[in-house]
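Please read the report below alongside the sequence and the coordinates.

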Amino acid sequence: MEYITLNNGLEMPIVGTGTNTYGKENNDYNAAVTNEIPELLSALELGYRSIDAAIMYRNEELVGRVLAESTVPREELFITTKVPAEEEYIASKEATRAAIDNSLKNFQTDYLDLLLIHFPIEEKGQLQNTWEVFEEYYEAGKLKAIGVSNFRKNHLEELKEFAKVKPAVNQIQINLKEPNKDLLAVLKEEGITPVAWGPMKVEDHQKEVLEDIGKAYKKSGAQILLKYQIQRGVVVIPKSHNRENQAANLDLFDFHLSAEDMERIENL
Ligand SMILES: NC(=O)c1ccc[n+]([C@@H]2O[C@H](COP(=O)([O-])OP(=O)(O)OC[C@H]3O[C@@H](n4cnc5c(N)ncnc54)[C@H](OP(=O)(O)O)[C@@H]3O)[C@@H](O)[C@H]2O)c1
């Protein structure tokens, strides 16, 4: 595993696993949560240590229990979760504190590695209150890093007006269909690490080129796609229900894409 150093010095694994459909009937995001997550156990066995969770996924308690019962020591795990931009969680500072306390309980831990605001909070007072609570828990050591998700440039600028702690990451959609180049440039300038959700999304014609590039490295198109992101400093959190794909998505550290291939993918 390779790590990326966040702007507060914390090391984050550059590849993690998504969990938004884990532990749900038929792997369906909106379906009922079941009582077990074989995919998460498989991911841990294969060596995944960074787990991307969210209150909105409704499976935090189950994910937390499986992590707590695993043989992987807590200090090896990098647990991310997200507070929804919904009244129930952001209407007051007390509501946000209750949400964080509950997530800590769900993960059976006294700290989270990274907590994100899941979506932009449009009402400025609520954004400020929420961020101040994040900062409070950060200062207390209960959150090792704090950040945002799905924030555009204007949302980041608004946050900057009062933030004492700069967001460590912005988790946004980044893939070959939605490269998000302008926002990536802003994040680079600000020293905020981009985390790519939905990293596997690709058009058919792009897939063919990725497969073609992969031949020289003996890697699949999916692996080339992920390697392209991590080689340029974008954290990826692909999600798979298939053990072979989970293994492939971690098997990215024994090769390096040439400058020409990086450029070819960039221009897809
Ligand atoms: N912050 C946000 O608003 C937000 C929004 C969406 C998602 N997320 C997070 O990001 C994570 C990942 O995003 P996502 O789940 O939407 O999409 P994703 O990881 O881009 O794609 C998942 C799909 O890719 C397939 N796949 C994975 N590895 C593969 C491989 N090596 N070869 C071929 N196919 C492969 C999976 O199928 P198989 O199961 O068959 O492998 C699955 O259908 C989520 O789980 C969630 O934690 C965050």
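## Ligand site

A polar contact is here a pair of N or O atoms within 3.5 Å; within protein, one atom must be able to donate a hydrogen and the other to accept it, and residues adjacent in sequence count only if both atoms are side-chain atoms. An oxygen atom of the ligand lies 2.8 Å from an N or O atom in the side chain of Asn245, another such distance, to the side chain of Ser240, is 2.5 Å, and for the side chain of Asp52 the value is 2.7 Å. Taken alone, the ligand exposes 900 Å², of which the protein buries 76%, with accessible areas taken from the Shrake-Rupley method with a 1.4 Å probe.

There are 25 residues around the ligand, and those that come nearest are Asp52, Met200, Ser240, His241 and Asn245; a residue counts as near if one of its heavy atoms lies within 4 Å of the molecule.

## Basis of the values

The model is predicted, and local features therefore need pLDDT of at least 70 and side-chain atom pairs count only at pLDDT 80 or more, while totals for chains, interfaces and linings use all residues. Residues are numbered from 1 along each chain as its sequence is written, and side-chain values use heavy atoms, with hydrogens and water left out.

## The sheet

Eight strands form an open sheet in the order E3-E4-E5-E6-E7-E8-E9-E10, with parallel pairing; strands (E, at least two residues) and helices (H or I, at least four) are DSSP runs numbered from the N terminus, and two strands pair if DSSP finds at least two bridges between them. The edge strands, each pairing on one side only, are E3 (17-18) and E10 (235-236).

Strand E4 (residues 50-52) pairs with strand E5 (residues 78-83) in the parallel sense over three bridges, and Ser50 stands opposite Phe78 in E5.

## Strand E8 and its neighbours

Five of the five residues of strand E8 (residues 169-173) are buried, so this strand is largely enclosed by the rest of the structure; buried means under 20% relative accessible area, with a 1.4 Å probe and protein chains only. E8 pairs in the parallel sense with strand E7 (residues 146-149) over two bridges, where Ser149 stands opposite Gln171, and with strand E9 (residues 193-197) over five bridges, where Asn170 stands opposite Pro194.

The chain crosses from E8 through helix H7 (residues 181-190) to E9 in a right-handed β-α-β crossover, that is, the path from the first strand over the helix to the second runs clockwise with the strands pointing away from the viewer. A right-handed β-α-β unit is likewise made by E7, helix H6 (residues 153-160) and E8.

Key
Buried < 20%, exposed > 50% of the residue type's maximum accessible area, 1.4 Å probe, protein only.
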